[in-house]
Amino acid sequence: MKYAHIVGWGSYLPAKVLKNAEIAKMVDTTDEWIYTRTGIKERRIAEEKETTATLAFEAAARALEVADLHPSQVELIIVATSTPEYIFPSTACRVQDYLGATKAGAFDLSAACSGFVYALSMASNAINSGMVRNAIVIGAETMSRVLDWHDRGTCILFGDGAGAVVLRHSDVPGGVLASTLRSDGSGGDLLSLPAVYHNPMPMLGPEYLHNGHKKNTIAMNGRQVFRFATSVVSDSIEQVLTQAGLTVKDISLIVPHQANVRIIESAAKKLKIPADKFFVNLERAGNTSAASIPIALCEAVDNGLLKPDDNVVFVGFGGGLTWAASVVKWNVTPPKVSLAEREWKRARYIYARSRSQAKKVIRRVGAYLAGSPTPKARMKDADRRSSNGKL
Ligand SMILES: CC(C)(COP(=O)(O)OP(=O)(O)OC[C@H]1O[C@@H](n2cnc3c(N)ncnc32)[C@H](O)[C@@H]1OP(=O)(O)O)[C@@H](O)C(=O)NCCC(=O)NCCS
């Protein structure tokens, strides 16, 4: 059996900062209310030109740099996201193209805020079984695009960003030691994001769903989600530790999903461990859903909180309802990469984009030579048929 070690990590937060005080100009709330009830002070918001895939690419490129792996060595890319630009092509396929990861399978995984832990478990199993040798696991979200900015119960919580880890096969015991994944679909309505085509009450117009929430935006029962989260975080940590044959005493750090500092404090109390064993960066990033754990992990590593042989637990929970935990033996020290080396590695992605463009042109020329109608001609034809009443 092969072991799946985390050998690279990277995160990307958009430059634009949205502080609580600015949200207080949009909805009836205050900086103090948001901070005391959640622990959040500010979050990042993607620029118009940024997408979940571009954020995911930035995080993945940084993780590959740390892992010192060429994109062509990656055999699997999983993107955990609830905010894909398209249902298909998947965000993972776009990242594969941006990276030029020519030998990778790629797919998106939908498990809301638990998505990163679910994806980590899938990728590590693929390595354990020998199916792939190297994989990238990414959590990436543009939550700002699915928020109802008039709903003070949700718009105060979420932010945008991406985080990624590179998993590499090894004969040395360690890496992802155990994972537990759980779900309870009966609580699906407590936290939901309807799909674009889902409008069960069309008579209310295209903008509104029956529950009064705007179409394609998050609807949440905050109190019930809070209750659910406080019960599952400590339970899943205990379960995954039992599975790995460890106890909380063997754990150096817990990187939880960053939803609410009070949920984290309650879990610490239940486990009878000091709250500072949990890494928290909510204050600066808010809840970035599937991206929150890998973003927090990167910050924890940057702060020197993990050293070789430390055991770290990741624990996620969210829509579905879903919850999950993984325990990982950390055994890498971050390599020193010079600026020149970094720039040189970045040039790969310019080549990958040019190659992708060239492939698109070749496909178009091939289609033209084979007599296929151009996309423009196809649209003209559709317009003509619809004006004839045939569509
Ligand atoms: C959303 C959340 C912060 C609300 O905090 P809370 O203490 O539970 O607040 P409640 O929903 O009980 O509301 C208390 C009061 O504050 C009000 N309120 C809600 N949001 C508010 C806001 N942004 N600003 C000011 N007041 C607000 C409510 O209307 C309510 O007023 P009322 O007592 O007059 O009816 C909290 O429930 C939470 O964090 N839940 C978990 C959400 C989560 O983590 N989701 C993601 C999971 S992945």
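Colleague: What makes strand S12 and strand S13 a pair, and in which sense do they run?

Modeller: Two strands pair if DSSP finds at least two bridges between them. S12 (residues 310-318) and S13 (residues 322-330) share 9 bridges in the antiparallel sense, so they count as paired. One of the bridges joins Val-313 to Val-327 in S13. Helices (H or I, at least four residues) and strands (E, at least two) are DSSP runs, numbered from the N terminus.

The model is predicted: local features need pLDDT of at least 70, side-chain atom pairs count only at pLDDT 80 or more, and totals for chains, interfaces and linings use all residues. Residues are numbered from 1 along each chain as its sequence is written, and side-chain values use heavy atoms, without hydrogens and water.

Colleague: Why are S8 and S11 called edge strands?

Modeller: The open sheet of 4 strands has the order S8-S13-S12-S11, with mixed pairing. S8 (175-183) and S11 (253-256) each pair on one side only.

Colleague: Why is H6 called oblique to H7?

Modeller: The axes, lines fitted to C-alpha atoms over the stretch in contact, are compared by N-to-C direction from 0 to 180 degrees. Those of H6 (residues 222-244) and H7 (residues 261-271) cross at roughly 45° and come within 9 Å. Angles under 35 degrees count as roughly parallel, over 145 as roughly antiparallel, 65 to 115 as roughly perpendicular and the rest as oblique, which makes H6 oblique to H7.
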